Amino acid sequence: MIGRLAFLWPEIALFAATCVVMVMGLSRSFSVRKASAWVCGIGLIVAAFLAATTTPGAPGAPAPDAAHGQLILPWMVPFAKSMICLVALLLLPLLAGTVDRAEEARIASSRAGFNPLRSNRAEFYSFFLFSITGLLLVASADNLIWLFLALELTSLPTYIMVAISSSRHRSQEAAVKYFFLGAMGAAIFLYGFALLYGAYGTTNMNAIAALMRGGTLSTLAMAGLMLSLLGLCFKIAAVPMHFYTADVYQGASAGVAAMLAFVPKTAGFLAILLMVGMVGWNYGPSGASLPDSLRLLLWVIAALTMTVGNVLAILQSSAKRTLAYSSIAHSGYMLVGVIAGPGDGSFTQNGISAVLFYLLAYGVTNVGTFAALACVERPSADGSEPRELDSFDDLRGLCRTHPAAGWMMVICSLSLLGLPPLLGFFGKLPLFTSGVAAGEIPLVIVLGLNSAIAAFYYLRLMAYPLLEEPGVRSGELVANPFLARRLAGILSAGGVISLAVFANAIMKQTTVAGKYPAAAVASTKAEPSLTAAEQR
Amino acid sequence: MQNAATPISAAAAGFQIQDWWLVLLMAVPLAFSFIIAFGAPHRARATALFGTLVAAALTTVVLFQFNWGNGAAFQFQNRIAWLPSLGISFSMGVDSVAMLLIALTGLLGPLCVLASWTAITDRVRTYYAWLLALQAAMVGVFIARDLILFYICFEFTLIPMYVLISLYGSTNRKRAATTFFLYTFTGSMIALAGLVYVAWVNAGLPKDAFEGAGTWTFDIAVLQQAAQGSLTMAQQSLVLLALMAGFAVKVPLFPVHTWLPLAHTEAPTAGSVILAGVLLKLGTYGIYRFALPFCTGAFIQYAPFLAVLCIIGILYGGLICWVQTDMKKLVAYSSVAHLGFCVLGLVALNTAGIQGSILYMINHGLSTGALFLCVGFMYERYHTRSMKEVGGLASKMPIWATFMVFFVMASVGLPGLNGFISEFLCIFGTFQASDTWGKGVWGSSGAPVPGATPGNLGPWYALIAGLGVIVAAMYLLIMVGKVVFGPLREPGAHGDAHGSHGESHDSPGHLPADLTAREITALMPLAIACLVFGLYPMPLFDALKGPVGETVAMVQDVRENGLNNGAAKTASVIDAREGTR
């Protein structure tokens, strides 16, 4: 049992940091509570370091084996965990000042003393860390129950974070909506997991994978897989489980929305990769593709998700809602990589690497767009909480009135559009190449056309700050006092530009991470029909 | 042409300046773009002029360094590792076609700055910074020897142009800019899928097929070989369709041309000049550089279809011009017609046609660019482009009128000016591109034509396209007749006839009646070039002999030997691929 803990050092470190932050939340001293964000940051840095060094499969660490977790995509774990920690580090400054702002303003103006009961700060950050811990656990899950618990650990704190992210009723409404739909999604994939257990009599994913590849899929197993994938569509905000996205993103504060666009999505994609990886991309008599029905399901979901996301995004008048629908569309793009599968294992042909790289590219870029909204605000007349930027009108002329925020938005939305030479383009290109290599040319055309549809609203996101004159009410906008948010945005925009130039190192890492050792799992239960796949 | 696959490492050979000419050509405008963006606004236009002049000087140096005797070879090659995981490198090299287009870009740069000198008064830094970024991207398109580098520059031209149109254009500028962006972006996404497909086919080839085969690379020379050697007819047709989706929009060919008049009409003068002068050529250049060599077989097969599109564009564009009252729109639609000729020459697939087509790219850039300048200079004075409101300007603006008539003549194709030779060659090439006279007409089996090259076009195509020349003469001369000659007509109040022009930049109001020295300086180089290339185009022919000869030989090879037995080879590749799964 202790041995199994050896590959969980990042989670352990992060959990320790979470506990410290929670205990700090009990302190009667204001300054101790203020330090909670820093502890969070240190925890994340340590976790990233541990993930990159101690996780099985990482350079210098032992090779992955069945005692240390899943063998479905074991090489993905170190990359995914470090990548998650780094993007979380980028999200952390964006979350500055999300909670307790009014209370702290009162304290600062000496109208009130520090009241420990009124401060949510430490709880907020510990929920953030809980969620990231859950996300790390998803990556290494080797058991369906573990996977379920990890997914829930990722999501449950986000419900609360949405609720307390602003004092408006809309946030609470969003949280409730998110919670109920999230519970439904969880129920669906839990049902799927249960069916898988029913089909194979085990919850160990390595064992299930070996059984699935050893024979034909029973109807029960197929139903289980499909239900699981459908439930996971909620996490990645894919059609038909996307309905909550726009309302929740709009209701949450921009920082939390940025987190929602990355954390549950990454959890969902890692889980989907594991679930699809169980049955494998070399299934069936030809040994060259996913099971037909599964491929069809993913194909339809991917095409619908991109199209619905992009088309609905065009219709929005709120920047946050636009970004929410764009986040749906990006899930659709990434599904192309999931369908494409590992190919011959090189970066250009490996859809898994493409998805992992895209998750990073999307995570980094996405922070910048939401940071632009979080960096500027409209003070309210009645002294209540200032409003973040939301409508397109607010964005008018932002590059002139608030250059930092404006340019973040311009650069990052062009990157989301996939305009070369920004990071988004180099994220999308592997999806193109892996899709073509897997023979999914119609889907790649759909992807291309959707990128073109997306141009319509990304251009708007770019043109309003850059090209429009500041509107009549732009003068009321003031910069948000939390400079950390600006830092997050600047880092994100800088990353979008610089990673495009120096992305090769990351691409190499994702090539390793995307290795799909089909033979390794299958060899635990060798079947005559599998020898061809093994030799490969 | 095929030697580009060998990696050339500048580092190994020590520092040699010729390795870096092309990088400099791209880097200088880009550097000046940043200097302008972060410099003082009142120095922006001077810096821009200086920057474009430096770039032009550098272009001149490179023009002289270029070995024109060996125009088919890619020179100044350099390759810098970039993203090897994706098979992308910063790989450069120019042949004489690219070199000529780079020269055109370098020439138009300073002229555009001069043309914008007084017209742009608001947000000058943004304007000139994007103008120079655009120039860098255009140079990048022509120097690229890596498909993705090409694609990156090709796509990046959209953003500066979008900004230039939507910030500095006239009334309907936002819609025009968005239409322009969406049209071209959609097309090029599909083209990207086609390019990636070719790269995938190459990656699946046996490693010993030729150098670079069997690896995932975007090197143009390698992919060209792979596409020629192993795509079946069906595959070539699909790739051609995808590539044409990107390039035909840019040209623009007939059914997808609708963004062009809008964008041209709304763009600021310099924007129109660049759009007509260089950006449209990115499309024809793309067809020449990629669509034709990658899918030669399909190109030969679908040449008549493309030719019909071109001819429709020629006639339809011309007829629309005939009824225009907006001068700028007229010149814009005339571009549709002219580019029709340009592509028609290309699809003729013989020496005359292709040479004419490439010359057309240059000449159209010179004369139409100049026409846009002329219209722009007039617009700056009268704030109208309507031929109903202005007329007889010869008496008021004699210098302007002289230039206007001169460039209209060049555009019409008056022998002795540059337009004639290229238009003539395009039509002549089309005429020649036929195995037989009048085959299939009235059931005849046709008679052999002396001097004809194999092909499916022929005299009928040339005849109908030739009608376009007459139409062009008609509409352009009508415009000259109305605007330059006749009784003087001016809009009532200076600059504000209808108050319908919602410019963000107001008239500076102190322009003299006729052209200033600055404006003459902007027009003069173009006029000289038109005249020189009209009277003595031989240097251009010599320069183009090499690359055109290779292209024609390539076409000939495919005609005679089929698709290099491509069908069999690819089939075996695909079998091997399926087998390994």
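Colleague: At roughly what angle do the axes of helix 3 of chain B and helix 11 of chain B cross?
Modeller: In this predicted model, helix 3 of chain B spans residues 96-116 and helix 11 of chain B spans residues 269-294. Their axes come within 8 Å, and the angle at which they cross is roughly 170°.

Colleague: Which term describes how helix 3 of chain B is directed relative to helix 11 of chain B?
Modeller: Angles over 145 degrees count as roughly antiparallel, and these axes cross at roughly 170°. Helix 3 of chain B is therefore, relative to helix 11 of chain B, roughly antiparallel.

Colleague: How many nonpolar residues does the contact of helix 3 of chain B with helix 11 of chain B have?
Modeller: Among the residues that meet are Leu101(B), Leu104(B) and Leu108(B) in helix 3 of chain B, and Val273(B), Ile274(B) and Lys281(B) in helix 11 of chain B. By class, the contact has 4 polar residues and 1 charged residue, while the number of nonpolar residues is 12.

Colleague: Which element gives the most to the side of chain B that touches chain A?
Modeller: In the contact between the chains, 29 residues of chain B meet 34 residues of chain A. The elements of chain B that give two or more residues to this side are helix 5, helix 6 and helix 7. With 13 residues, the element that gives the most is helix 7 of chain B.

Colleague: What is the mean pLDDT of chain B?
Modeller: Residues 493-508 of chain B stay under 50 in pLDDT, and residues 566-581 of chain B are also below 50. Where pLDDT is low, the predicted coordinates should not be read in detail. In chain B, 88% of the residues reach 70 or more, and the mean pLDDT is 84.

Note on methods:
Residues are numbered from 1 along each chain as its sequence is written. Chains are lettered from A and ligands numbered from 1 in the order in which they are written. This is a predicted model: local features need pLDDT of at least 70, side-chain atom pairs count only at pLDDT 80 or more; totals for chains, interfaces and linings use all residues. Two residues are in contact if their C-beta atoms, placed from the backbone, lie within 7 Å. Helices (H or I, at least four residues) and strands (E, at least two) are DSSP runs, numbered from the N terminus. Axes are lines fitted to C-alpha atoms, for helices over the stretch in contact, and angles run from 0 to 180 degrees between N-to-C directions. Angles under 35 degrees count as roughly parallel, over 145 as roughly antiparallel, 65 to 115 as roughly perpendicular and the rest as oblique. Ala, Val, Leu, Ile, Met, Phe, Trp, Tyr, Cys and Pro count as nonpolar, Asp, Glu, Lys and Arg as charged, and the others, Gly among them, as polar. pLDDT is the predictor's confidence in each residue, from 0 to 100.
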